[in-house]
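Open the model in your viewer and keep the sequence panel beside it. The tour goes from selection to selection.

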Amino acid sequence: MKFFKYFEFAYIAFAIFFIIEAIRVWADSESRAYLYLFFSALACFMFFFKRRFRKKIENKNKK
């Protein structure tokens, strides 16, 4: 189960990467920058979703 705990932080790393890429390409292509911002928002959502789901499963296993 520890693997899943570390894998959650990969979503945060991807979100940071996509934000940096959005800033980098903003002057060249705004539509691509918006796409990167969408992916960063999706990665943040997945981080919180996976964390909530993992904690729910851990609480069921403790009972």
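In which helix is the place of Phe49? Select Phe49: its place is in helix α2. Helices here are DSSP runs (H or I, at least four residues), numbered from the N terminus. This is a predicted model, in which local features need pLDDT of at least 70, side-chain atom pairs count only at pLDDT 80 or more, and totals for chains, interfaces and linings use all residues. Residues are numbered from 1 along each chain as its sequence is written, and side-chain values use heavy atoms, with hydrogens and water left out.

Phe49 has 43% relative accessibility and counts as partly exposed. For relative accessible area, buried means under 20%, exposed over 50%, and partly exposed in between (1.4 Å probe, protein chains only).

Next, select helix α1, residues 2–25. Its buried residues are Glu8, Tyr11, Ala15, Phe18, Glu21, Ala22 and Val25. Helix α2 (30–62) is included in what covers them.

Now show the side chain of Glu8, which is buried at 2% relative accessibility. Arg54 forms a salt bridge with Glu8, with the closest N and O atoms 2.6 Å apart. A salt bridge is a side-chain nitrogen of Lys or Arg within 4 Å of a carboxyl oxygen of Asp or Glu. Arg54 lies in helix α2 and Glu8 in helix α1, so this pair ties together parts 46 residues apart in sequence. Arg54 is itself buried, at 8%.

Finish at Arg24, which forms a salt bridge with Glu21 at 2.7 Å between the closest N and O atoms. Arg24 and Glu21 are three residues apart in helix α1, separated by about one helical turn.

Conventions. Helix = DSSP H or I, 4+ residues; strand = E, 2+ residues; numbered from the N terminus. Expected span 1.5 Å × (residues − 1). Contact = heavy atoms within 4.5 Å.
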